[in-house]
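This report looks at aromatic rings and at some features of the backbone. Please keep the sequence and the model in view while reading.

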2 protein chains.
Amino acid sequence: MSEQTNDFTQWYLQTVQQAELMSYSPVRGSIIFRPDGFELWEHIQEEFNRFLKAEGIRNAYFPMLIPKSFFMKEADHIEGFAPELPWVTEVGDEKLEEPLALRPTSETMIGSAFSDWINSYRDLPYEINQWANVFRWEKKTLPFLRTSEFLWQEGHTAHADEEDARRRTMRVLDEYARLCEEFLAIPVYKGQKTPSERFAGAVDTYSIEAMMKDGKAVQAGTSHYMGTKFAEAFEINYLNKENKHVPTHTTSWGVSTRLLGSLIMTHGDENGLVFPPTVAPTQIVMMPVGPWKKNPAIMEKLDALYAHFKAQGYRVRLDDTDNSPGYKFHEWELKGACIRIECGPRDLENGHVMTKIRDIDGKVAVSFDELDAYIATELEKMPTRLLENARKRNQENEYTSIETLDELKAHIETCKQENRPTGFVLIGWDGSEETEAKIKEETGFTTRNIPFDVPVEKTVDLVNGSSAKHTVWIARAY
Amino acid sequence: MSEQTNDFTQWYLQTVQQAELMSYSPVRGSIIFRPDGFELWEHIQEEFNRFLKAEGIRNAYFPMLIPKSFFMKEADHIEGFAPELPWVTEVGDEKLEEPLALRPTSETMIGSAFSDWINSYRDLPYEINQWANVFRWEKKTLPFLRTSEFLWQEGHTAHADEEDARRRTMRVLDEYARLCEEFLAIPVYKGQKTPSERFAGAVDTYSIEAMMKDGKAVQAGTSHYMGTKFAEAFEINYLNKENKHVPTHTTSWGVSTRLLGSLIMTHGDENGLVFPPTVAPTQIVMMPVGPWKKNPAIMEKLDALYAHFKAQGYRVRLDDTDNSPGYKFHEWELKGACIRIECGPRDLENGHVMTKIRDIDGKVAVSFDELDAYIATELEKMPTRLLENARKRNQENEYTSIETLDELKAHIETCKQENRPTGFVLIGWDGSEETEAKIKEETGFTTRNIPFDVPVEKTVDLVNGSSAKHTVWIARAY
């Protein structure tokens, strides 16, 4: 495996394949989510469904094929998505009258349905979520982070007024941040996207941005306030209390299987995957060591422990293959099992097992009596530790005192020479697209977001020294 | 609403829309699964996932777009599916070099992956399931039962030998039958499909068939033994214990959102939907009656009960709208709520509520003290009662003594005159495609399956009086 610090991308590509999270498919930029990869997504789904249920937002399912005419109704929307849309033009050997796009997102399809379903203020807010496959034919692809077909949830809501719609936009953004930080142990930066990075057709787009181990950014989730733009294009109107037909205010928001890429790039190490137990496909892996085949009592003990852990709901595996212990250690570290339990003849004699926590060096002997409590405690502690470690690393890679484009270039050069991440850079921005474009052109950095929580207020635009309107995080991004 | 017995199809179409299970979409033959409709599917998913987990079969996700060349590898397969395949031919405004089909099923894509993943007998059996959207552009469509896009699970497994593959094929068929009967209260007929009704490319196809209230059949689930046909087309080989490369034996099996149509057509009545509580989106609906607005104690009591039921995990709703009790009764019967609880001033005084079980006539007063036990018992009893009622109705609509095509035609004529279902007819069959075709042409009846459990052994072919090879259920089908 490539060393993580030398070639992060190679490390990533090798790890996700060797650990059997994904395989390439014969269709350009599409991947196969193998069981361990898909299971990560299933746990994220369960967790987010709990939020939806608590909020009274119900799941539905809408057709994947969207008529071309639907896309034409909202001008910004079609302009943003047109180059990436796959089109169904034929069925069997007959040409369709109207081409159908594979959905890149469902504002148009769901907007059209909302228009039928919403009549009066009594129907509002109207809030729906969909788990679905979506398609965006990107030029450059990377497993999980940028694929032609990906999986996501997309929430769509309609509200009586701006205030209620904005409340929903923010409430979901907060939940995305909680999902990343508490559930996935990925620290995020919450803020507002600049106009050039807005969702096609949105009034305001908010995002959570995560910093990968190599200092690059991943936009991990977005929440959009659409104003009445989609409502006007799709006639999502309602009869208000004054008996007038007025447009609703709509929102949409989504997280996708990009989160899997973020998980891997946030926690993975030289030995492979590291997952918090909240999502790890294998929380506990057990294996016999030493001359265990001559000692049937060892497997009896491990079988009993396996049944015991399974009954408690742990995701546990017992590796009783003929592979060597070294091979097994390697394999289960690669796959990101949270705790390894070894048991050999001497361990059995001493009434204990040897344990190894994936992200902590060294083994610890734990007596059979104390094993339950030990495992519960360690699995409990792991997400917080992973989050804190990632947060600490992020802080080391945040640069808040770069004032000019030359200083940014110098920073990039230094990082290159010292082989360390360029990280997130906080800059002053005059609010113009020109300066954003210049930064991108000359450094490859893009604006991530205007943080809600500004570490240092920047007063001068990075490019032209004029007065800054906003303080913005910029970074290279996946 | 149309009367069920007069025009069953109209009753069905009106009910699924008025009860808000689905809406039509702008794409031909595609429907929108509204929240109550989608929730039925979610409960089926949860239940079948429990089976998969217990069997050690893991979920994965494969690309939806399948290159044309993949389809060409198995001749029967492409011949069977070609006319119904939607093709992506363009992305943005560029033409693709090779057209990509929207998957109608994933044998080819998964076969190709299995070929990479499976090496030795140690890897077998290799068993995967996928929950996905699939596409078959059918000429005639009907919500849930036949739609251009539908949702399903498709299991795909590879085995070392025929015996193991056939064991898997049958094990899943048994689980499908259990899922239908115990979970959905839909009685089914298990058996083998005739060669003309086999899955395109299968060696043997087995099905469960369900009889709807109007006597027509729904093929509710299928399980296929593929022999080595797909393994040979996609090189799904393995190194056996004798160190030889040999093809695996594969299976596939699926149930789809057709099950939702079967549920509705099995249990629904003149007043609308009837669901067993296992899948019902609303298990308990509560409503205040009488002059409840003047009696705040009524809503206090109902709010407390609501919280109480919710905490116990029931799917409960409290209808405190201004609609009249009559309107509410109608609406919640239409939507298939299992138990209705009414509480008015006099009920409160008497320390009870009035309850109504969806599929039983008349109301029952239940004291607050006994309500918990009453609800638990009634919800427990409901699936068995629904299953028994459906089974009884099926038995009334089974015809096992029709010996000739003329007798079948006479039966159809009588049923028409008496406005009753033509049902399932058990016939003798000589095993030829010609007789199957003739029956279909002259009566619209198709062979459903050769039942495992033959009620009466038939000795003479229905059409030509020659010696029968098989005893077969035939029926009109959705």
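In this predicted model, ring pairs join A:Trp41, A:Phe48, A:Phe51, A:Trp131, A:Tyr176 and A:Trp253 into a cluster. Over all chains, the structure holds 40 aromatic pairs. One of them is formed by A:Phe309 and A:Tyr314; this pair is edge-to-face, with 6.0 Å centre to centre and 80 degrees between the planes. A:Phe309 and A:Tyr314 are both buried.

In chain B, the ring centres of B:Phe48 and B:Tyr176 are 5.6 Å apart and the planes meet at 35 degrees, so this pair is tilted. B:Phe48 belongs to helix 2 (residues 35-55) of chain B and B:Tyr176 to helix 6 (residues 162-183) of chain B, so the pair ties together parts that are 128 residues apart in sequence. B:Phe48 and B:Tyr176 are buried.

| Charged residue | Ring | Distance from ring centre |
|---|---|---|
| A:Lys216 | A:Tyr478 | 4.1 Å |
| B:Arg34 | A:Trp117 | 3.9 Å |

The peptide bond between A:Leu124 and A:Pro125 is cis, with omega about -10 degrees. A:Pro125 lies in the loop between helix 5 (107-117) and strand 7 (126-135) of chain A. In chain B, a cis peptide bond runs from B:Leu124 to B:Pro125, with omega near -10 degrees.

A:Glu20 is not a glycine, yet its phi is positive, about 60 degrees. A:Glu20 is in the loop between helix 1 (8-18) and strand 1 (22-24) of chain A. Its relative accessibility is 36%, so A:Glu20 counts as partly exposed.

Definitions and conventions. Residues numbered from 1 in each chain as written. Chains lettered and ligands numbered in written order. Predicted model: local features only at pLDDT ≥ 70, side-chain atom pairs only at ≥ 80, totals over all residues. Heavy atoms only, no water. Phe/Tyr/Trp six-rings, centres within 6.5 Å; stacked < 30°, edge-to-face > 60°. Buried < 20%, exposed > 50% of the residue type's maximum accessible area, 1.4 Å probe, protein only. Helix = DSSP H or I, 4+ residues; strand = E, 2+ residues; numbered from the N terminus. Lys NZ or Arg CZ within 6 Å of the ring centre and 35° of its normal.
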